[in-house]
Amino acid sequence: MKSFVFSLVLSVGYLLTSACTQSQQKFGAPQSQEEASKNFIISGEASEVEAVVALSSSYRVLSKKNNVYEVSGLSFEEIKSISPIVSATQNEYFNSLIGPEKETNKYAPLMAEGAQVSPGTQLPPALNGCNMQNPNKATPNIAIISDHFQSSPSMDLGETLTASGARSIPFDRENGEVEIRWDIVAPSSSLLQDNFREGDQLELTPDSLGLYEVYMVAKEGTACSATVIRFLVTSNPELELASETEIRPSLDIEPFQHLTRINAQESWELATGAGKTIAVLDTGLNYNHPAIKYSLALKQAEMDGAANSDNDENGFANDYLGWDFVNGDNKPFDDEGHGSHVSGLAASHIIGLAKDAKILPVKVLNGAGGGDTASVIAGIYYAVDSGVDVINASLQRLNTMIPELQQAIEYANENNVVFVSSAGNDNLDLSLPENNIFPGEIDVPNVINVAAIGVTDGLASYSNYGGLETDVAAPGGDRGGPIYSLAPYNPRGVEFVGSGGTSMAAPMVAGIVAQVLEVNPHLTPLEVKMLLMESGQEVPVLIDLVGSGKILNALDAVEKAQTFSLQLANM
């Protein structure tokens, strides 16, 4: 059986031979900065871009219509030698929780040379009997051996991980027997919390989606050594198609205080976002959740057409539900939870601001919350070409503004798509030149950058701010009052969870945009932005911190849009 050390295979890509004789179509997104930095985002005239693509070792189509691709196997200088006029920018990976750059061993500080462990310190069970004061006896050299991760650092829900400990050098000392222990750190939704096991072999069947960490400790006498593997557990369940005629589940919405704070229920008397579609660029969507399954922007042409075919001729085969740019498939299922939480706040029929709008899930972030700029760019073009009205991008951590990203947002603006972005959770003054969070700070008229308020009417302690850099503020929650929305799939059967951040504030704004556009579909993205900045309750402490100086109010925004519509009708 072929075995290998996990950390050596993180940069393996997903490759499939294409019609191009020299390059291969790449369907998977990079999973680390190390991998992303080898790739370039290119754009320009079709013939020039195609010349570069043909000489690359692999490529990914980001927008064929707009001649935007991601290529690998070429340096910047080589790209420019092929076509000096092609725009080329290095891809960037952000929010990384997996990959070589995150291979920190939480046990290492306890066993580092010169480490001081205070008496009475409660050590993890796997370190029981280990001498933390560095005995003279050599610590065993170890590695985790597994055959599960040959193509990517992930496995499907329901699979069983098998792993064992192995010495990297033979032991010839007397009494050199090694005892192996395992410490399993599972996602919060898992039933495998604080899971400690002993034995040379490990068999682990994950029960929940998301990021897992498996630590192995090898003990020889009192000397110990530790190593770790990190992997994602994912799933692609079939869509449970909802009937338009069945009775939709309801719920007491009293616990969902965000609705009360911005007068959502009163606004529903005037508009619910009917006929509008919100694309959510995120970790995907728990699309079978009973509070969102009635709100999916399903593509009828793809559902009615031939299986595994591009029936609507948009370049994506069978994308009846949306698209997964992380894995390159038509099932954008949420294996982290963030995207489901965001989508519910935007358009759940129970708790969404635009409760009759539709959601188009566009997966650009993986189960560890990481993503790359090329996937975000691809997601924007895909959403716009799918005919959405609003894009919500609760991404937070793109630290570099590249031309191709701005071009994608400008494309959205040209097609009258409002782009709502979260301002980020770093408590940064974005007016300072050294503090930049994109795409929210990109200067395109359709961009609405959203800050968050906490349980009081002031800025949330974590929220980024800036009078010219942020536009509006909405409830983002905090420890004193989290925002409740959809939970990811989990073995506990929990359907709603609390969270907080500008990521939660942004989809409320996206939902209000859909409500406003239902009342007045003729508004341009800039007019929508100006209308929202004039809506809501002015709060003195927000002046100079948020462009509007107000807490956005759904009822006020819809009434203003309605009045503006009547004024147009009387002209």
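Trainee: What angle do helix α9 (residues 373-385) and helix α10 (residues 403-414) pack at?

Mentor: They pack at about 15 degrees, and their axes are 9 Å apart. That makes α9 roughly parallel to α10, since angles under 35 degrees count as roughly parallel, over 145 as roughly antiparallel, 65 to 115 as roughly perpendicular and the rest as oblique. The axes are lines fitted to C-alpha atoms, for helices over the stretch in contact, and the angles run from 0 to 180 degrees between N-to-C directions.

Mentor: One thing before we go on: this is a predicted model, where local features need pLDDT of at least 70 and side-chain atom pairs count only at pLDDT 80 or more, while totals for chains, interfaces and linings use all residues. Residues are numbered from 1 along each chain as its sequence is written, and side-chain values use heavy atoms, with hydrogens and water left out.

Trainee: Got it. Which hand does the crossing of α9 and α10 have?

Mentor: Left. The rule is that a crossing is left-handed if the near helix is turned anticlockwise from the far one by less than a right angle, and right-handed if clockwise. The contact involves V376, I377, I380, Y381, V384 and D385 from α9, plus E404, L405, Q407, A408, I409, Y411 and A412 from α10. By class, the contact residues of α9 and α10 are ten nonpolar, one polar and two charged. (Contact means heavy atoms within 4.5 Å; Ala, Val, Leu, Ile, Met, Phe, Trp, Tyr, Cys and Pro count as nonpolar, Asp, Glu, Lys and Arg as charged, and the others, Gly among them, as polar.)

Trainee: How many helices and strands does the protein have?

Mentor: There are 13 helices and 28 strands.

Trainee: Which residues touch the most other members in the largest nonpolar core?

Mentor: F231, I278, V509, V513 and L532, out of 84 residues in that core. Helix α11 (residues 502-519) contributes the most to it, with twelve residues. The term nonpolar core means a set of buried Ala, Val, Leu, Ile, Met, Phe, Trp, Tyr and Cys residues joined through side-chain atoms within 4.5 Å.

Trainee: Is S343 buried or exposed, and how do you know?

Mentor: S343 has 1% relative accessibility, so it counts as buried. The cut-offs are under 20% relative accessible area for buried, over 50% for exposed, and partly exposed in between (1.4 Å probe, protein chains only). S343 sits in helix α8 (residues 338-347). Leaving aside neighbours within four places in sequence, S343 is in contact with V280, L285, I292, S348 and I359.

Trainee: What makes α8 as a whole mostly covered?

Mentor: Nine of its ten residues are buried. Also, the axes of α8 and α11 come within 7 Å and cross at roughly 35 degrees. H338, H341, V342, L345 and A346 in α8 meet S503, M504, P507, M508 and G511 in α11. That contact of α8 with α11 has six nonpolar, four polar and no charged residues.

Trainee: Why is N263 called partly exposed?

Mentor: Its relative accessible area is 24%, which falls in between the two cut-offs. N263 lies in the loop between α5 (257-261) and α6 (264-267).

Trainee: What makes the phi of N263 worth a remark?

Mentor: Phi of N263 is near 55 degrees, a positive value in a residue other than glycine. Most residues other than glycine have a negative phi, and most peptide bonds are trans. N67 also has a positive phi, near 60 degrees. On the peptide-bond side, the one from F438 to P439 is cis, with omega near 10 degrees. P439 is in the loop between β22 (418-422) and β23 (447-453).

Note on methods: Helices (H or I, at least four residues) and strands (E, at least two) are DSSP runs, numbered from the N terminus.
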